[in-house]
Amino acid sequence: MVTTGMMSALAVVLMFLVRVPLLPSANFLEYDMGDLPVILSTLFIGYPHGMAVLLFVSAVQSLTVSASSNWPGFVMHILSTGCYVLIVYLFMRHSDSIKRLIVAVITATAALSLVMIPLNLIFTPIYMSVPVEAVIELILPAILPFNILKGVINSVITVALYPALKKILTKSDLLLRK
């Protein structure tokens with residue numbers, strides 16, 4: 001439980017510190033690194049812990065830096081990142097090879113990107129007060145590329161960190177999910 005709390009705190013700090021618009025044409029879509037502790041918690045502690053971190057960081061995010069999206073943003077974040085980590089967890093629960101992780105994060109990125117299309121069609125008109133047609137016009141030039149980039153960035157960082165973290169946690173006997 002302490003580790004989950006520490007990862008939740010790290011997720012919030014990263015969410016506040018690293019906020020970058022990835023597409024100049026849609027600077028309201030900002031990447032933040034808050035999902036990395038969610039992904040790593042899922043990999044090293046387990047899916048329930050990753051989801052607990054996700055719930056916490058999503059709540060803080062929806063009340064602070066993304067307050068304009070309020071509860072729709074909270075729901076979208078939970079469902080999209082929850083989908084990502086569920087796929088990673090399902091791929092990695094019986095084998096922890098780096099090759100399997102690469103397949104997992106590629107699949108998870110595709111799923112996250114596809115899940116965000118209907119979520120944006122449903123929720124964006126609510127919190128941005130725009131017609132669905134305006135959201136449809138943003139799917140190909142902004143929403144889909146942003147979510148692909150977000151997934152790729154999180155995936156590359158996860159794959160880069162995973163072997164070293166696994167070695168450190170195993171050596172120090174801190175790896176909770178073996």
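Me: How do the residues lining the largest pocket divide into nonpolar, polar and charged?
Reply: This is a predicted model, where local features need pLDDT of at least 70, side-chain atom pairs count only at pLDDT 80 or more, and totals for chains, interfaces and linings use all residues. Residues are numbered from 1 along each chain as its sequence is written, and side-chain values use heavy atoms, with hydrogens and water left out. Ala, Val, Leu, Ile, Met, Phe, Trp, Tyr, Cys and Pro count as nonpolar, Asp, Glu, Lys and Arg as charged, and the others, Gly among them, as polar. On that basis the lining splits into eleven nonpolar, ten polar and five charged.

Me: What is the volume of the largest pocket?
Reply: On a 1 Å grid over the protein atoms alone, a pocket is an open set of points where a 1.4 Å probe fits, with protein on both sides within 12 Å along at least five of seven lines, and lining residues have an atom within 4 Å of a point. Points are joined across faces, edges and corners, and the volume is the space filled by probe spheres set on them. For the largest pocket, that comes to about 570 Å³.

Me: And which of its lining residues are closest to the centre?
Reply: There are 26 residues in the lining. The ones closest to the centre are Phe28, Leu29, Ser66, Ser69 and Tyr127.

Me: Which element gives the largest share of that lining?
Reply: Helices (H or I, at least four residues) and strands (E, at least two) are DSSP runs, numbered from the N terminus. Those giving two or more residues include β2 (30–32), α3 (47–63) and α5 (98–128). The largest share, five residues, is from α4.

Me: How is α3 oriented relative to α4?
Reply: Axes are lines fitted to C-alpha atoms, for helices over the stretch in contact (heavy atoms within 4.5 Å), and angles run from 0 to 180 degrees between N-to-C directions. Here the angle is about 160 degrees, with the axes 9 Å apart. Angles over 145 degrees count as roughly antiparallel, so α3 and α4 are roughly antiparallel.

Me: What about α1 and α3, how do they lie to each other?
Reply: Their axes come within 9 Å and cross at roughly 40 degrees. Under 35 degrees would be roughly parallel and 65 to 115 roughly perpendicular, with the rest oblique. The two helices, α1 and α3, are therefore oblique.
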